[in-house]
Amino acid sequence: MMDFLMSEDGLEHVYAWAVPLHATVILAEMIYSHVSEAKLYSGKDLATNVYLALMNFGLDLIMKAFAMGVMFFFYNHRLFSWDLSIWYLLACFIITDFAYYVLHYVDHRSRAFWAVHITHHSSEYFNLTTGFRSPVLQPLYRYLYFSPLAFLGFNPWHIMVAYAIGQVYGTWVHTQTVKTMGFLEYILVTPSHHRVHHACNVKYLDKNMGMCLIIWDKIFGTFQKEDPNIPVKYGIYPKMPDNRPDTVLFYEWRKIWKDLKQPGLKFTDRINYIFNSPGWRHDGTGKTVRQYQKEYFAKQAKKKEQQQNQKEQKTA
């Protein structure tokens with residue numbers, strides 16, 4: 001099994017097993033959606049998921065040689081060398097999952113990268129095919145987050161196999177049909193956690209960034225449990241005006257370009273419009289997610305205090 005996964009053909013082996021598994025699970029969810037009238041799918045939304053996945057896959061193929069070349073450059077100058085063992089593979093998986101967490105965190109907190117990642121969040125549906133609603137341009141820079149792992153001595157082929165296995169699992173958590181996973185909720189990213197991640201409710205924004213392990217979110221303060229009193233609302237706000245391919249791909253880029261064309265901007269303002277948090281504005285009229293959440297939690301705390309005071313007055 002180790003040789004099967006850790007060879008240069010390991011990626012192909014993972015995807016060869018994943019394709020029929022994905023097809024089976026997606027078909028089962030579609031049947032469930034139809035029989036239960038849950039309305040989890042839309043034809044237009046499904047078509048968008050498919051063409052975004054194909055575009056991402058195409059760019060991934062184009063970038064593969066260059067990306068692996070960069071990673072092998074760092075691997076050839078590695079700091080450490082490791083023996084191939086189960087502990088090495090486990091460490092490779094864990095550190096690759098952490099690298100993805102960092103990548104995902106930046107995608108949400110820096111506007112240029114959010115402009116790439118927003119395609120994945122733009123759907124108002126949440127089903128297994130949403131996992132294929134790919135950030136099309138991500139292959140242009142994703143390898144930069146994995147290159148430090150190669151510099152630490154992890155073979156780039158092993159890194160990409162670990163990432164591919166994580167992607168397979170990460171696709172399966174895009175579902176509303178699994179409510180809870182018991183004790184695994186404390187260890188893994190689960191459908192419940194990922195429903196929160198795809199929500200546009202203020203409380204849920206920029207939470208649960210992990211792909212396989214939820215521990216990173218708990219360590220770095222980005223964890224949020226699904227609240228039964230706050231039903232998840234999927235998509236982005238404000239929502240895209242239509243579902244056309246050019247709109248989905250360039251929605252945030254067009255907004256960035258509009259902001260950059262404002263007269264009288266300083267150079268630092270232009271840089272901030274590109275790389276600062278989404279919502280930042282040079283004149284202070286915008287709000288970032290952190291500012292929205294600070295106001296939200298302050299209002300919730302004040303509301304709770306008022307309710308507590310009213311309760312104490314009634315019992316006095």
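Modeller: Let's start with what a helix is here: a DSSP run of H or I with at least four residues, numbered from the N terminus. Keep in mind that the model is predicted.

Biologist: Okay, what makes S192 buried or exposed?

Modeller: S192 has a relative accessible area of 8%, and buried means under 20%, so S192 counts as buried. Leaving aside neighbours within four places in sequence, S192 is in contact with K179, E185 and E226.

Biologist: And how do you know where F275 falls, buried, exposed or partly exposed?

Modeller: F275, in helix α11, comes out at 44% relative accessibility. Not counting residues up to four places away in sequence, F275 touches R109, S110, R111, A112 and F113.

Biologist: Why is helix α5 called largely enclosed?

Modeller: Because 10 of its 11 residues are buried. Among them are R111, W114, I118 and H121. The buried residues of α5 pack against α3, α4, α8, α10 and α11.

Biologist: What makes α4 and α6 roughly parallel or roughly antiparallel?

Modeller: The axes of α4 and α6 cross at roughly 150 degrees, and angles over 145 count as roughly antiparallel. The pair is therefore roughly antiparallel. Their axes come within 9 Å, and α4 passes α6 in a right-handed crossing.

Biologist: Which residues meet there?

Modeller: From α4 you have I95, T96, A99, Y100, V102, L103 and V106, and from α6 Y145, F146 and L149. The residues of that contact divide into nine nonpolar, one polar and no charged.

Biologist: On to charges. How do you know that R133 and D45 form a salt bridge?

Modeller: The rule asks for a side-chain nitrogen of Lys or Arg within 4 Å of a carboxyl oxygen of Asp or Glu. For R133 and D45 the closest N and O atoms are 3.1 Å apart, so the pair meets the rule. By this rule the count comes to 13 salt bridges.

Biologist: Why do you say that R133 and D45 tie parts together?

Modeller: R133 sits in the loop between α5 and α6, while D45 is in helix α3, so the pair joins parts that are 88 residues apart in sequence. Both R133 and D45 are buried.

Biologist: What about D259 and R111, what makes them a salt bridge?

Modeller: Their N to O distance is 2.7 Å, and the limit is 4 Å. This pair links distant parts of the chain, with D259 in helix α10 and R111 in helix α5, 148 residues apart. D259 has a relative accessible area of 9% and R111 one of 5%. With the cut-off for buried at under 20%, D259 is buried, and R111 is buried too.

Biologist: And how are D246 and R244 labelled, buried, exposed or partly exposed?

Modeller: D246 has 23% relative accessibility, so D246 counts as partly exposed. R244, at 48%, also counts as partly exposed. Their side chains meet in a salt bridge of 2.9 Å, N to O.

Biologist: Last one: what makes R111, E252, K255, D259 and R281 a network?

Modeller: Salt bridges that share partners join these residues into one network.

Notes:
Residues numbered from 1 in each chain as written. Predicted model: local features only at pLDDT ≥ 70, side-chain atom pairs only at ≥ 80, totals over all residues. Heavy atoms only, no water. Buried < 20%, exposed > 50% of the residue type's maximum accessible area, 1.4 Å probe, protein only. Helix = DSSP H or I, 4+ residues; strand = E, 2+ residues; numbered from the N terminus. Contact = heavy atoms within 4.5 Å. Axes fitted to C-alpha atoms, helices over the stretch in contact; angles between N-to-C directions. Parallel < 35°, antiparallel > 145°, perpendicular 65-115°, else oblique. Left-handed = near helix turned anticlockwise from the far one by under 90°. Nonpolar A, V, L, I, M, F, W, Y, C, P; charged D, E, K, R; others polar.
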